[in-house]
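Biologist: I am new to this structure. Can we walk through its charged pairs?

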Amino acid sequence: MKVTDGRPLIGTTDDITPMIRWLQIVAALVVLIVAVGGITRLTESGLSITQWKPITGAIPPLNDAQWQAEFADYKKIPQYLDINGPAGMTLAQYKFIYFWEWVHRLLARLIGLAFALPLAWFWYKRTIPLGYKPRLLALLALGGLQGALGWWMVSSGLTPEAADRVSHFRLAAHLLVALTTLGGLVWTALDLKNLRVGEPPVHITGFGIVTLAVLAFQLLMGAMVAGMRAGYVAGAGWFSLDAWPLMQGRFFPEGVDWAGGFIHALFNDPYLTHFVHRWWAWVVVTILVVMARRLRDRRQRIISVAIHTAFGTQVILGIFTVWSGVALWLAVAHQLCGALLVVATVWGAHALGRRDPVNLLSGP
């Protein structure tokens, strides 16, 4: 159905299906970059590229002189001076961490192009449904903000007074904006699927808002744990009860620095941050169980199963990550599953907002 000037009012299947597929592909790329970001963090690769060159930075060093120049810049920052330099880092080892940061940034550029170029094409072809342009521009702006936050995060670890890592607050902002963008992509794709069958956009319910807020706090605390390397403070050892559910043999850990008060400790003390992250998880589980049951009552069994699977896997991966002493592959899987949990929860919140929800995520 079209209005007289040729702009889609509610869109046609031919107009809308490519847009749905486009948003699904971009969402999948965001999930991928979240996983690569986890690898970058866990391999301490994030500070290996000390300059932000949005265009020319896509090309890595191509000869020995260029590699030596990049390595020389890296040797000026605290991470090298305090940690990797005394440890005897070689050029080959530097190339390894450079690779992961370069892949992370290259993927970010590809995501930007994968969103911006099709958006420009749909805009030019006048096939964007009425009312969706502001939303798509907001998602584009979030992508740009994410790039700026990425460099803002990295820059916190480059100054002479910095520690050997980036600010955990900036890391949390970088991750949460990525996950917010992911949620927006999924919600918009689902709304377009509604539109394809003649239904209006979904308005989120109060319960949906509360559920997403509870999950967002957990994701924030998880980012803080990652940024402060607080995953190590509980102890380790496979199936060691002293590491989980206890922390170093105690339910509540010793060593919390209360000097700045509770709020300061909550976001700055690795022991308290880790403690809250592991137990707030059960608040998340509880509210997601309620969401899943409501969806099952509305005959949305597939979404209910997806939510149960996502949070169940996430909890298991979190426990195994602690027991393993933060093994790389487990910690990355934990972060990847967190992104998939966002997808499942947004899917559930969207379905609960529909008058007569149907399975919208499967299929193009």
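Biologist: Is aspartate 191 buried or exposed?

Modeller: This is a predicted model. Aspartate 191 has a relative accessible area of 0%. The cut-off for buried is under 20%. So aspartate 191 counts as buried.

Biologist: Which side chain meets aspartate 191 in a salt bridge?

Modeller: The N to O distance is 2.8 Å. A salt bridge needs the two atoms within 4 Å. The partner of aspartate 191 is arginine 135.

Biologist: How many residues apart are aspartate 191 and arginine 135?

Modeller: Aspartate 191 sits in helix H6 (residues 168–196). Arginine 135 sits in helix H5 (residues 133–155). The pair links distant parts of the chain, and the separation is 56 residues.

Biologist: What does arginine 135 count as, by its relative accessibility?

Modeller: Its relative accessibility is 25%. Buried means under 20% and exposed means over 50%. The value for arginine 135 falls in between, so this residue is partly exposed.

Biologist: Which helix holds both glutamate 101 and arginine 105?

Modeller: These two form a salt bridge, with the closest N and O atoms 2.7 Å apart. Both residues are buried. They lie 4 residues apart, about one turn of the helix, in helix H4 (residues 91–124).

Biologist: Is glutamate 254 buried or exposed?

Modeller: Glutamate 254 forms a salt bridge with arginine 250, the closest N and O atoms being 3.7 Å apart. Arginine 250 is partly exposed at 41% relative accessibility. Glutamate 254 reaches 53%, and the cut-off is over 50%. Therefore glutamate 254 counts as exposed.

Key:
Residues are numbered from 1 along each chain as its sequence is written. This is a predicted model: local features need pLDDT of at least 70, side-chain atom pairs count only at pLDDT 80 or more; totals for chains, interfaces and linings use all residues. Side-chain values use heavy atoms; hydrogens and water are left out. Helices (H or I, at least four residues) and strands (E, at least two) are DSSP runs, numbered from the N terminus. Buried means under 20% relative accessible area, exposed over 50%, partly exposed in between (1.4 Å probe, protein chains only).
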